[in-house]
Number of protein chains: 2
Amino acid sequence: MSVSTVSRVFNGYDDVSPTTRERVLEIARKLDYAPSAAARTLVKQRSQLIGVVLFTGYEHPDIHHPFFQEVLVGLKHGIGELGYDLLLFATEQPGSSRGRPHSYLRRAEQHRADGIVVMGVDRADPEVDKLVRSDIPVIAVDIDVVGDHTSFVASDNIGGARLAVRHLHGLGHTRIATIAGPSATKPGADRTLGFRAEMRELGLTIPPGYEVEGDFYPESAERAMQSMLALPEPPTAVFVAADMMAVGAIRAAQSAGLSVPEDLAIVGFDDIRVAELVSPPLTTIRQDMVGIGLAAGRALVEQIENPDVTPPVLTLPVELVVRESCGAQAAALING
Amino acid sequence: MSVSTVSRVFNGYDDVSPTTRERVLEIARKLDYAPSAAARTLVKQRSQLIGVVLFTGYEHPDIHHPFFQEVLVGLKHGIGELGYDLLLFATEQPGSSRGRPHSYLRRAEQHRADGIVVMGVDRADPEVDKLVRSDIPVIAVDIDVVGDHTSFVASDNIGGARLAVRHLHGLGHTRIATIAGPSATKPGADRTLGFRAEMRELGLTIPPGYEVEGDFYPESAERAMQSMLALPEPPTAVFVAADMMAVGAIRAAQSAGLSVPEDLAIVGFDDIRVAELVSPPLTTIRQDMVGIGLAAGRALVEQIENPDVTPPVLTLPVELVVRESCGAQAAALING
DNA sequence: TCGTCCACCGGAAACGTTTTCGAACCGAGG
DNA sequence: CCTCGGTTCGAAAACGTTTCCGGTGGACGA
């Protein structure tokens with residue numbers, strides 16, 4: 001039988017008789033034949049592959065951060081349902097590669113990736129702009145890029161931050177501070193935006209020293225907490241823009257002899273796994289990280305399969321989950 | 001100029017004059033041309049891609065577990081240095097795929113992956129045997145498979161377990177129990193092997209009920225701990241075969257009114273991130289998860305690039321890191 | 001009996017490389 | 001002037017698909 005016939009049965013075309021279809025399938029099973037993705041890619045100019053660029057700097061390499069891990073899980077499932085696979089570009093130290101193009105875009109178009117999701121890279125990275133200027137669909141996670149075939153998905157960071165301070169205020173706090181994320185990142189910036197907005201709306205002032213920036217990792221928050229505790233009028237509550245930093249903040253408070261939440265209330269952001277395991281268990285704003293990955297994947301495939309509609313920016317809802325680091329249970333116990 | 005000339009300059013052959021090489025490079029830059037990976041794969045029969053199959057069952061989907069995340073990081077760097085990229089097969093619920101082959105092997109050979117690393121799948125999975133019977137290089141992580149072009153890498157789980165009970169015994173404990181990992185997994189089995197070996201060598205007996213099996217996740221360990229606490233003579237120390245389970249064990253002990261380590265000493269295994277964040281901070285056996293990934297990647301590429309040598313099985317060293325869950329500091333304080 | 005249409009299938013071009021083979025050219029040596 | 005070796009380059013086959021186009025055969029109506 002001819003190659004075209006085989007191709008037809010494997011692609012599910014209907015103009016092939018049931019008997020020959022069976023015969024082809026039979027023989028294919030016997031030889032355990034699998035069609036070559038490379039050849040198919042070559043002629044169809046589509047690879048059914050989604051490129052993933054993921055990079056968070058050298059000191060905290062890649063997907064070490066739980067956020068990206070969870071997103072990756074969601075992404076994998078999201079695109080998997082739709083018939084795509086993931087192409088994870090191996091980030092390398094500059095210069096250490098075996099003479100491969102360093103540019104992600106370059107790598108992606110070499111492999112003819114049908115779309116790209118980018119996360120963990122700096123918004124200012126020239127690679128990002130190269131990506132959006134290219135004509136391949138791109139979905140970013142937590143990076144504020146939009147374009148003709150480019151969009152991004154993120155949690156409702158502003159709303160989440162407002163939720164956090166409203167909760168703290170509801171517990172009676174007025175001296176509320178924040179340990180912010182890097183203002184160069186979208187979530188970092190938005191969470192302090194939300195913090196400020198809610199403080200203003202509540203009529204609260206933000207004294208100097210009540211807003212210090214960390215880098216999303218515990219050590220930076222430890223230092224930040226120490227500096228706040230050294231203030232003449234230290235805060236009684238702090239909104240920490242990431243759980244990872246919150247554990248650093250708690251550690252600093254505790255080793256300064258304070259007890260959380262009695263002396264200092266803390267609410268975090270993310271609801272990563274450790275949040276419920278630290279002591280005290282963290283009150284935090286949960287974002288659906290797997291959901292972000294899922295949404296990113298589905299949005300990307302949507303964009304791939306009809307490229308003419310410009311993709312919407314997706315923002316996912318967050319929710320407050322109260323545990324013990326804010327003193328809400330204690331308050332509830334007393335009051336009710 | 002001809003295609004062959006272009007090919008020659010891009011592959012670094014020397015039989016092309018410096019002037020034409022420059023001209024080609026110049027024009028390529030102007031058109032920003034990137035050679036097609038698909039076409040190259042088609043003719044060279046190599047894709048420079050490493051397939052990753054990763055699956056841990058439906059209730060704990062995929063790379064949710066920190067172990068695999070860390071391994072993936074190492075893997076990515078290991079193969080990245082050597083000029084390969086990662087192809088992450090999107091695991092899907094059975095039946096939900098858009099008519100794609102369900103077999104990993106099938107998917108791998110479709111994409112012409114040069115090698116495969118497999119982890120998180122059950123040793124009894126028929127896919128695993130299909131993989132080792134195929135003629136494509138395979139490295140497994142924590143799965144006991146060997147073959148002509150197949151091997152695996154794992155930590156020294158036996159040695160680690162011995163380290164743990166020796167440490168507990170050195171602290172004066174004699175009633176030592178274990179919450180084991182699934183005996184169907186290599187690390188689960190080996191860690192209880194090590195536990196038993198060291199107990200025997202120390203002349204300690206293992207009473208009935210002192211060895212109960214969990215599934216590497218906290219809830220199972222919580223139940224296991226409760227059952228041990230209900231014993232007529234409960235243990236004074238327990239070696240928990242995974243940190244994730246150790247936090248469950250601690251939780252169970254604490255909510256039974258016991259204090260760790262005063263009433264019950266615990267040592268874990270893995271040294272995942274949460275280990276130092278729980279309270280009390282976990283004494284545990286550290287395995288180098290990123291290192292496992294690195295080793296797996298390098299071994300796989302080695303196997304790809306000279307397929308005639310049969311690959312060695314790699315076992316990586318572990319180390320005891322003592323924190324507070326075993327009472328060692330307290331002991332040290334008193335004694336010294 | 002003959003033309004027509006439809007269901008089914010094969011031929012062949014195209015996709016973009018790598019690689020082998022041989023051709024053209026140039027300088028040098030006889 | 002002819003031959004020879006070496007350098008540099010082009011032609012063409014091959015890789016394994018998809019897709020378009022055309023061809024065959026049978027059924028069917030006229």
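Within what distance do the axes of helix H4 (residues 66-80) and helix H11 (residues 289-305) of chain A come, and at roughly what angle do they cross?

A: This is a predicted model, in which local features need pLDDT of at least 70 and side-chain atom pairs count only at pLDDT 80 or more, while totals for chains, interfaces and linings use all residues. Residues are numbered from 1 along each chain as its sequence is written, chains are lettered from A and ligands numbered from 1 in the order in which they are written.

The axes of H4(A) and H11(A) come within 6 Å and cross at roughly 40 degrees; helices here are DSSP runs (H or I) of at least four residues, strands (E) of at least two, numbered from the N terminus, and axes are lines fitted to C-alpha atoms over the stretch in contact, with angles from 0 to 180 degrees between N-to-C directions. The crossing is right-handed, the near helix being turned clockwise from the far one by less than a right angle.

On the H4(A) side the contact (C-beta atoms, placed from the backbone, within 7 Å) includes A:Phe67, A:Glu70 and A:Leu75, and on the H11(A) side A:Met289, A:Arg298 and A:Val301 are among the residues involved. The contact residues divide into 12 nonpolar, 6 polar and 2 charged, with Gly counted as polar, Ala, Val, Leu, Ile, Met, Phe, Trp, Tyr, Cys and Pro as nonpolar, and Asp, Glu, Lys and Arg as charged.

Elsewhere in chain A, an open sheet of 6 strands has mixed pairing and the order E7-E6-E8-E9-E10-E12, where pairing needs at least two DSSP bridges.

Definitions and conventions
Two residues are in contact if their C-beta atoms, placed from the backbone, lie within 7 Å.
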